[in-house]
Amino acid sequence: MKSRQLGTGGVSVSAIGLGCMGMSQSYGQSDETEAIATIHRALELGVTFLDTADMYGPFTNEKLVGRAIADRREGVFLATKFGNERRADGSWVGVNGKPEYVRSACEASLQRLNVDHIDLYYQHRVDTTVPVEETWGAMHELVVAGKVRHLGISEAGAATIRRAHAIHPVTALQSEYSLFTRDPEGEILATTRELGIGFVAYSPLGRGFLSGTITSPDQLGPDDFRRTAPRFQGENFAQNLALVTAVSQIAARHGVRPAQLALAWVLAQGDDIVPIPGTKRRSYLEQNVAATDIQLTPEDLAEIAAVVPDGAVGARYSSENMARVGV
């Protein structure tokens, strides 16, 4: 497994990570036995960068990851997040960046993960009612206390990233980035590169659309959140499926799967970018890992850009959730 650097602080992680959210929520029925086997297989393959969050489940995904790494913690670069506050029954409380909440959320995550430190602790969403300097002041204190090694922020705007970075170095920005989601291109990536911040790309397969296996919304189960996502509805779905078909044709000519081509595209956008595709099955994990060996030429990239020049059709979240990103 190749490695990549996150930020300028000497943080080395596997070139591809594993997003663990879908093992506990959002993408249909869960299978804990297969999920843990998938995490173990990831570590065997050299995928040491695991990503979770307290809100996933809620709370259950951290516990699952904690059980999976209990006897192999030294081989893991562990990332989790706080800030999207949910109750145990799954109901939504709100975005919370208050310093006292930062401290309590970290303690709770440490307990659920059953670890003595978190390698990368993200502010999951920015609380617009609390100055980011106050939130990051509390996060800095966690580093000083040894509970957290490095700090990150997710889906933040350029100005917020700069303000946070002035309080404590931002090791990584985590935002959605894929052939289907090009929002970070321009100001966001320019900012992270100027400041020496790594970029962690979540949903690099367009929430599974770019796998080429979804041909109808009817394939999505009743508890799959994509059923209500704008990109998976109506005419948006039809137009996006046509884009996937074009990507699939290019992938076939290269002798690879559409998902592998899509991951190779993300990897080719810069050595400072680390995609963290989510999966809950070993078979898909192994396919994703194989994408790190695909070398795309400038001609390949130009061909892909010609068929997907601007990303997917439709918003990636509901209007309510879109209001929480880029602030």
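How many bridges join strand S1 to strand S2 (residues 11–14)? In this predicted model, the two strands run antiparallel and are joined by 4 bridges. One of the pairings is that of serine 3, whose bridge partner in S2 is serine 14. The hairpin formed by S1 and S2 has 4 residues between the strands, and within this hairpin glycine 7 takes a positive phi near 70°. In a regular strand, side chains alternate between the two faces of the sheet. In S1, Arg4 and Leu6 make up the covered face, whereas Ser3 and Gln5 make up the uncovered one.

Strand S1 (3–6) also contributes to the second largest pocket, as does helix H8 (258–267), each supplying at least two residues of the lining. The volume of this pocket is about 220 Å³. Its lining includes Lys2, Ser3 and Arg4, together with Ala264 and Leu267. Also among the lining residues are Ala15, Ala268, Asp271, Thr292, Ile294, Gln295 and Leu296. Classified by residue type, the lining of the second largest pocket comprises 6 nonpolar, 3 polar and 3 charged residues.

Helix H8 is largely enclosed by the rest of the structure, because 10 of its 10 residues are buried.

A search of the whole structure finds 8 aromatic pairs. In one of them, the ring centres of phenylalanine 49 and phenylalanine 77 lie 5.6 Å apart with the planes at 75°, so the pair is edge-to-face. This pair links distant parts of the chain, with phenylalanine 49 in strand S4 (residues 49–51) and phenylalanine 77 in strand S5 (residues 77–82), 28 residues apart. Phenylalanine 49 counts as buried because its relative accessibility is 0%. Phenylalanine 77, at 11% relative accessibility, likewise counts as buried.

For phenylalanine 232 and phenylalanine 237, the ring centres are 6.5 Å apart and the planes lie at 50°, so this pair is tilted. Both phenylalanine 232 and phenylalanine 237 are buried.

Conventions
Residues numbered from 1 in each chain as written. Predicted model: local features only at pLDDT ≥ 70, side-chain atom pairs only at ≥ 80, totals over all residues. Heavy atoms only, no water. Phe/Tyr/Trp six-rings, centres within 6.5 Å; stacked < 30°, edge-to-face > 60°. Buried < 20%, exposed > 50% of the residue type's maximum accessible area, 1.4 Å probe, protein only. 1 Å grid on protein atoms, 1.4 Å probe; cavity = no way out; pocket = protein on both sides within 12 Å on 5 of 7 lines; lining within 4 Å. Points joined across faces, edges and corners; volume = space filled by probe spheres on them. Nonpolar A, V, L, I, M, F, W, Y, C, P; charged D, E, K, R; others polar. Pairing = 2+ DSSP bridges.
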